[in-house]
Amino acid sequence: MIHDPVRPADPEQLPLFDEEALDIADYLRAESDAEADIHQSEHERQGMTALVIGAIGVVYGDIGTSPLYAFREALHATAAEGAQPGRPEVLGLLSLLVWTLVLIVTVKYIFALLRVDNRGEGGVLALYTLVRLALGRRSLPILALAIMAAALFGGDAVITPAISVLSAVEGMEMVLPALNEWVLPVAIGILLALFIVQRRGTTKIARFFGPITVVWFLTLGGLGLWHMAANPGILAALNPAWGFGFLLAHKGVAFVVLGAVFLAVTGGEALYADLGHFGRRPIVIAWFSLIFPALVLNYLGQGALVLADPSALENPFFSMASGHALPALVLLATAATVIAAQAVISGAFSMARAAIQLGFLPRLTMRHTAESASGQIYIGAVNWTLLFGVLWLVLTFRSSTALASAYGISVTGSMVLETTLGALFLWRVKKLPLVISVLLVAPVIVVELAFFASNAAKIADGGYVPVMIAAVLCLVMVAWWRGTQRVSARLHKLAIPLNSFVRSMRNSSVQIIPGTAFFLTPDADVVPSALLHNLKHNRVLHDQTVLLTVETLRVPYATLEERAEYEVLTEHFARLTLRFGFMETPNVSRAMVHARRSGLKFDVMASTFFLGRRRPVPSGPGGFGRMLDQLYATLARISADPTDFFHLPRDRVVELGERVAI
């Protein structure tokens, strides 16, 4: 059993699960197999073919849209040097694109990180929890790495839908130049529809994601082969010497070109983040059987076209299609970019839930959109914040070319932090010597740092956007984590030890009344303030007083054995601990079936839940610390009602409030 939980400072700080009005019937609906609250991996219930097709639609949706703009932006950066890109330049750029896919996606993610999972889950926060568990203690530097990586993902989640949809819709200009003025309205309309439909869930339309994306990748590969047939010599780009030669021959522009080349692997991080949804094998099979060949063929085909027709340099991807096929290609590209944007939005919801459970963000209203899929959730605050950011970017930059300058820095930064955590994993979890761990990740991190530096050079041209978004998210997460720790420390200092309190109540004259009282507390070793307030004002004690603690484990999903632990203290006092993973939305009502199995006996209709609501009040001296305290207090006030998160019957909850100086 894992005993390394994240305990929020108090029930008021815990995350939220928002659904329809709840009643006592929730207790009775919790079946003994607990299939509603125990994670069942999809890859245990579906065929391999279905999983591979699903992975193609969800995992590779983002990286699959990179051919729309990656090679184009690399060519434009080269042309900015003042010379028309010739055969050495085209082969050099293609070589850099292909070998970036090999090193970053194939080597780092497919061969390495996909083997590193936390009970089947991947992603930077899962990697962080593995390292944190191996350390056995809190480490502020490692905590900072996780917070920064999660914040950078937020910046990527804002930019990806904007640049993907814009780049696809811009193909209308090639169908009919007069449609130029409709590019922005159409892109905004698509994005509005995409974000509005999130509230209803994407289960029904998600079944079409895989097949559509399969058609998209087959189209990418087919277009590439068609143009390669006219110029087989383009295969020379597979030789990495062309890439090195380009960098040496164009030192002045090479640094800028690297930023454009990196656009080819944006979305590669989704391979690791979506590990828990599909499993390693489907993701690997999809990459080698379709995704990687299709991407390489399309880039080579774009290069062959540019060499044959230099006028295609302006937009090589859409120039690959003939006039009659171009409208269909634009429609297919638009569908592919919508799927890519959907995958990023869903990833943002999952990342936010994990951050909330790990104590990095305040609780936000969550709603499940599919009864059969625990990963299908909707977070309104995240959805509308993303929509606002995406529309602001579209209206500000107005073209995918302009947005390309802002794209990349958040992804490269996140990848560098992920690789750093990977080195720490090898050192602390796999017990390899530090020097060997560093040497193993050195080839990847050196390349990623070069890409990061190249993208950082574009700060003034738009790179400030993801940096600004990540900085704001970092500030929010630091303020929330710091405030939660300060409140917890202050309350613990004033708390009464539970053991001494229980002994003193044995000879107490307090009136005992029938029924069960559940007092939610983050620390099962001290007396909850709600219990003290109840004794002070009501002067009664329930026949069965249960101190209920909800713990968030540093694993994605709790097992049946970990879910509930019940301990009888005295005749009238007991302690109940319910555990959930950081990828789960806690449901106390359904978890009560496990509490009964552990020995807890109670009458549902004679039970009351007591919550302590605390309002933090900044009281320290001025400065940056005071600003963080004020931000924490504001977040605490606007965070959602904890009653809904605990999934408790609203007519049986009593809340007692108090002010806490921080």
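Trainee: Is Phe360 buried or exposed?

Mentor: Keep in mind that this is a predicted model. A residue counts as buried under 20% relative accessible area. Phe360 has a relative accessible area of 1%, so Phe360 is buried.

Trainee: How many aromatic pairs are there?

Mentor: Two rings pair if their centres lie within 6.5 Å. By this rule the count is 13.

Trainee: Which kind of aromatic pair do Tyr128 and Phe360 form?

Mentor: Look at the angle between the planes. Under 30 degrees is stacked, over 60 is edge-to-face, and the rest are tilted. Here the centres are 6.0 Å apart and the planes make 50°, and the pair is tilted.

Trainee: How many residues apart are Tyr128 and Phe360?

Mentor: Place each partner on the chain. Tyr128 belongs to helix α5 (residues 124-135), while Phe360 sits in the loop between α16 (326-357) and β1 (366-368). The pair links distant parts of the chain, 232 residues apart.

Trainee: And Tyr128, does that count as buried or exposed?

Mentor: Use the cut-off again: buried means under 20%. Tyr128 has 4% relative accessibility, so Tyr128 counts as buried.

Trainee: Why is the pair of Phe518 and Phe609 stacked?

Mentor: Check the centres, then the planes. The ring centres lie 4.8 Å apart. Stacked needs planes under 30 degrees apart. The pair is stacked because the planes of Phe518 and Phe609 are at 15°.

Trainee: Which strands hold Phe518 and Phe609?

Mentor: The two lie 91 residues apart in sequence, so the pair ties those parts together. Both residues are buried. Phe518 is in β3 (residues 511-520) and Phe609 is in β7 (residues 607-617).

Trainee: Which residues form one aromatic cluster with Trp287?

Mentor: This cluster has one Trp, one Tyr and one Phe.

Trainee: Now the whole chain. How many helices and strands are there?

Mentor: Count the two kinds of element separately. The chain has 27 helices and 8 strands.

Trainee: What is the radius of gyration of the chain?

Mentor: Start from the length, 662 residues. The globule rule gives 26 Å for that. The chain comes close to this, so it is as compact as a globular protein of that length, with a radius of gyration of 27 Å.

Definitions and conventions: Residues are numbered from 1 along each chain as its sequence is written. This is a predicted model: local features need pLDDT of at least 70, side-chain atom pairs count only at pLDDT 80 or more; totals for chains, interfaces and linings use all residues. Side-chain values use heavy atoms; hydrogens and water are left out. Helices (H or I, at least four residues) and strands (E, at least two) are DSSP runs, numbered from the N terminus. The radius of gyration is taken over C-alpha atoms; the globule rule is 2.2 Å times the number of residues to the power 0.38. Buried means under 20% relative accessible area, exposed over 50%, partly exposed in between (1.4 Å probe, protein chains only).
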